[in-house]
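Please read this report alongside the model.

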Amino acid sequence: MTQPIEHHLSLSFGEITVYNDYVYTVMNEGITVSPNLNDILLAVAEIYYSDREFVYITHRINSYSIDPIVYIETSKIKNLKGFIAVCPNKSLIESFRIEKLFFEKPFAVYQTLDEALVYKEELLSGKQ
């Protein structure tokens, strides 16, 4: 994995790690990602990626729900190249088809972080 450009953030709703060209998150079990929590991502984008493109990677280790408005707002981040969900549980992958409808940029689902990181490179290089 790429070395973080800052430190790991432990927040009440999950963990965020900022890397040179992507944000990696693991949300806590049972939370609902709502627009107010999404404001944290917007702040991270502003603070750490104001001068470069990046990708958002979420690792769905835990079960949680997402308000679809979050995807609409996240799509507005100009330098965000795409969204990748790592979902080791095949039964949850179906729910991403619905979530994808609300996101206006590339949105992919992989079973491993290694696969997600390969796709991240494709997104950032424009080869997707």
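## Terms and basis

A residue is called buried under 20% relative accessible area, exposed over 50%, and partly exposed in between, using a 1.4 Å probe and protein chains only. His7 is partly exposed on this scale, because its relative accessible area is 44%.

This is a predicted model, in which local features need pLDDT of at least 70, side-chain atom pairs count only at pLDDT 80 or more, and totals for chains, interfaces and linings use all residues. Residues are numbered from 1 along each chain as its sequence is written, and side-chain values use heavy atoms, with hydrogens and water left out.

## Fold and dimensions

The chain carries four helices and eight strands. Helices are DSSP runs of H or I with at least four residues; strands are runs of E with at least two; both are numbered from the N terminus. Read from the N terminus, the order is β-β-β-β-α-β-β-α-β-α-β-α.

How does the radius of gyration fit a compact globule? A compact globule of 128 residues would have a value near 14 Å, and the chain has 13 Å, so the two agree. The radius is taken over C-alpha atoms, and the globule rule is 2.2 Å times the number of residues to the power 0.38. Along the principal axes, the C-alpha atoms fill a box of roughly 35 × 30 × 25 Å.

## Burial, surface and charge

Of the 128 residues, 45% count as buried. Contact means heavy atoms within 4.5 Å. Among contacts with a separation of 6 or more, 66% join residues 24 or more positions apart.

The accessible surface of the chain is about 6800 Å², and carbon and sulfur atoms hold 53% of that surface. These areas come from the Shrake-Rupley method with a 1.4 Å probe; for residues, only the protein chains shown count as cover. The chain has 11 positive and 17 negative charges, and their mean positions lie 7 Å apart. Lys and Arg count as positive, Asp and Glu as negative; His and the chain ends are not counted. Each charge is placed at NZ of Lys, CZ of Arg, CG of Asp or CD of Glu.

## Nonpolar cores

In soluble globular proteins, nonpolar side chains tend to be buried together. A nonpolar core here is a set of buried Ala, Val, Leu, Ile, Met, Phe, Trp, Tyr and Cys residues joined through side-chain atoms within 4.5 Å. The largest one has 27 residues; Val23, Met27, Ile31, Tyr49, Phe54, Tyr56 and Phe83 touch the most other members. At least two residues each come from β2 (14–19), β3 (22–27), α1 (35–48), β5 (54–59), α2 (69–74) and β7 (80–86). Helix α1 gives the largest share, five residues.

Back in the largest core, Met27 is one of the residues touching the most other members. Beyond four places in sequence, Met27 touches Phe13, Gly14, Val33, Tyr56, Asn62 and Tyr64.

Is Arg60 buried or exposed? Arg60 is buried, because its relative accessible area is 7%. Arg60 sits in the loop between β5 and β6 (65–66). Leaving aside neighbours within four places, its contacts are Ile66, Tyr71, Val86, Cys87, Pro88, Phe96 and Glu99. Arg60 and Met27 are 33 residues apart in sequence, with C-alpha atoms 7.3 Å apart.

Thr74 belongs to helix α2. Thr74 counts as buried because its relative accessibility is 3%. Beyond four places in sequence, Thr74 touches Asn38, Leu41, Leu80 and Phe103. Asp21 lies in the loop between β2 and β3. With a relative accessible area of 15%, Asp21 is also buried.

## Partly exposed strand residues

His7 is in strand β1 (residues 4–11). Outside four places in sequence, His7 contacts Ile16 and Val18.

Val109 is in strand β8 (residues 107–110). At 27% relative accessibility, Val109 counts as partly exposed. Val109 and Ile57 are 52 residues apart in sequence and 9.6 Å apart, C-alpha to C-alpha.
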